[in-house]
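Please find below a colleague's note on the structure shown here. The points are numbered and may be read alongside the coordinates.

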Amino acid sequence: MKTSLTASTGVDDGRAEAWVARLDSPECTSEERAQFQRWLDESPAHVEAYVQAERAHQLAAQLAGDDMLQAAARIAWRASRDSARPRWWAPAALAASLLVATVVGIGWLRTPAPLPAGERYATAVGEQRALRLADGTRVLLDTDSVIVARFGEDRREIEVDRGRVQFQVAADPQRPFSVKAGRGTIRDIGTTFQVDKTDATVNVGLIEGAVEVTGAVAQARSTLSPGQQLNYDGEGRLGVPEPLDLAVAQAWPDGDLVFKNRRLDALLSEMNRYSATKLRLAEPGLGDITVSGVFHIGDQASLLQALERGWSLQSERSDDGDIVLRRKAG
């Protein structure tokens with residue numbers, strides 16, 4: 001008989017542990033996964049409780065086949081079975097508990113098995129590419145992006161070398177999923193999220209579910225909720241979570257760029273990602289102009305037409321092949 005879990009409005013570590021167990025079950029239904037998503041969305045404390053419970057579950061799974069731990073458990077069981085006998089068994093039980101603690105401590109320090117070399121996936125300038133990885137995870141690479149996927153027996157890791165990528169992660173509780181980008185790591189908790197890596201910073205935006213971001217500086221951690229984003233710099237210093245404009249984040253996977261009161265210099269920088277022909281400004285002051293609109297990826301002609309009509313700008317081709325925007329004369 002299948003069991004069902006319902007959402008809770010309180011912070012409940014027991015409920016988090018129950019969700020870990022249920023999601024690990026092959027009988028877990030799509031409706032239960034939807035209930036889990038709603039429970040996560042109710043409170044950041046629910047996300048944190050689930051993160052802690054899932055960590056404990058992963059450690060238990062890693063140690064399940066450990067001979068030392070199994071031997072310690074047998075000693076403790078025998079000691080408890082013979083509890084009616086004189087108290088001479090107490091040192092044995094104490095020794096067993098100490099051995100268990102030692103094995104658990106060693107488990108945390110245990111070096112994971114090395115991952116294979118991995119598969120490299122890339123897009124050219126102006127190209128987008130949808131992938132389905134071996135584990136079922138769906139990946140969308142934006143223009144001029146490179147990732148390397150490495151899957152082992154106990155974990156799944158993706159490295160974002162450059163560019164922007166969206167991940168829709170397939171559930172596999174026995175193999176945690178993480179993304180390395182620059183000096184930080186994004187740990188998935190059953191989600192859809194985006195990672196945008198430039199030379200200077202990494203941006204992590206969460207569409208649904210939850211992710212935990214760890215930076216290299218002091219191993220700082222931050223857990224994002226849906227509709228939040230976070231930046232970290234080249235040294236791995238984490239910023240604070242901020243609101244994510246979901247309309248903007250969900251537009252580029254559909255081939256559109258949405259701009260809401262965006263500075264013109266930032267808008268051109270975004271459009272330039274999709275074309276070898278670059279748009280640039282004749283004078284820095286033009287960058288202060290704010291622009292709103294929806295433009296198809298790589299459609300420079302429509303953008304230039306809009307800027308000429310709505311913002312009194314004109315464009316001309318430069319000697320190096322770029323397109324330069326300046327104010328209309330007169």
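**Notes on the predicted model**

1. Ser-312 lies in the loop between α8 and β17, the strand of residues 313-317. The model is a predicted one, and in it Ser-312 has a positive phi of about 55° although it is not a glycine. This residue is partly exposed, with a relative accessible area of 45%.

2. Gln-219 is placed in the loop between β10 and β11 (221-224). Its relative accessible area is 52%, and Gln-219 therefore counts as exposed, since the cut-off is over 50%. As background to both points, most residues other than glycine have a negative phi.

3. The overall make-up of the chain is as follows. The chain contains 8 helices and 18 strands. Of its 330 residues, 42% are buried. The accessible surface comes to about 17,300 Å², and carbon and sulfur atoms account for 51% of that surface.

4. Which residues of the largest nonpolar core touch the most other members? They are Ile-158, Phe-167, Val-179, Ile-186, Phe-193 and Val-195, in a core of 27 residues. At least two residues of this core come from each of β3 (138-141), β4 (146-151), β5 (156-168), β6 (177-181), β8 (192-197), β9 (201-208), β10 (211-215) and β12 (228-233). The most is given by β5, which supplies 4 residues. In general terms, nonpolar side chains tend to be buried together in soluble globular proteins.

5. How do the two helices α7 and α8 pack, and at what angle? Helix α7 spans residues 264-271 and helix α8 spans residues 300-310; their axes are 12 Å apart and meet at an angle of about 165°. The pair is therefore roughly antiparallel, the cut-off for that term being an angle over 145 degrees. The crossing of α7 past α8 is left-handed. On the α7 side the contact is made by Leu-264, Leu-267, Leu-268 and Met-271, and on the α8 side by Gln-300, Leu-303 and Leu-307.

6. Asn-272 should be read together with this helix pair. The residue is found in the loop between α7 and β15 (279-281). Is Asn-272 buried or exposed? Its relative accessible area is 13%, so Asn-272 counts as buried, the cut-off being under 20%. Apart from neighbours within four places in sequence, Asn-272 is in contact with Thr-277, Lys-278, Leu-279 and Gln-300.

7. Val-146 belongs to strand β4. With a relative accessibility of 2%, Val-146 counts as buried. Its C-alpha atom is separated by 7.2 Å from that of Arg-120, a residue 26 positions away along the chain. Arg-120 is also one of the contacts of Val-146 beyond four places in sequence, and the others are Tyr-121, Ala-122, Glu-159, Val-160, Asp-161 and Arg-162.

8. Gln-228 is located in strand β12 and, at 25% relative accessibility, counts as partly exposed. Beyond four places in sequence, Gln-228 touches Val-204, Gly-205, Leu-206, Thr-223, Pro-241, Glu-242 and Leu-244. The C-alpha atoms of Gln-228 and Ala-210 are 9.7 Å apart in space, and the two residues are 18 apart in sequence.

9. A distance of 7.2 Å separates the C-alpha atoms of Trp-19 and Phe-36, which are 17 residues apart along the chain.

Methods:
Residues are numbered from 1 along each chain as its sequence is written. This is a predicted model: local features need pLDDT of at least 70, side-chain atom pairs count only at pLDDT 80 or more; totals for chains, interfaces and linings use all residues. Side-chain values use heavy atoms; hydrogens and water are left out. Buried means under 20% relative accessible area, exposed over 50%, partly exposed in between (1.4 Å probe, protein chains only). Accessible areas come from the Shrake-Rupley method with a 1.4 Å probe; for residues, only the protein chains shown count as cover. A nonpolar core is a set of buried Ala, Val, Leu, Ile, Met, Phe, Trp, Tyr and Cys residues joined through side-chain atoms within 4.5 Å. Axes are lines fitted to C-alpha atoms, for helices over the stretch in contact, and angles run from 0 to 180 degrees between N-to-C directions. Angles under 35 degrees count as roughly parallel, over 145 as roughly antiparallel, 65 to 115 as roughly perpendicular and the rest as oblique. A crossing is left-handed if the near helix is turned anticlockwise from the far one by less than a right angle, and right-handed if clockwise. Contact means heavy atoms within 4.5 Å.
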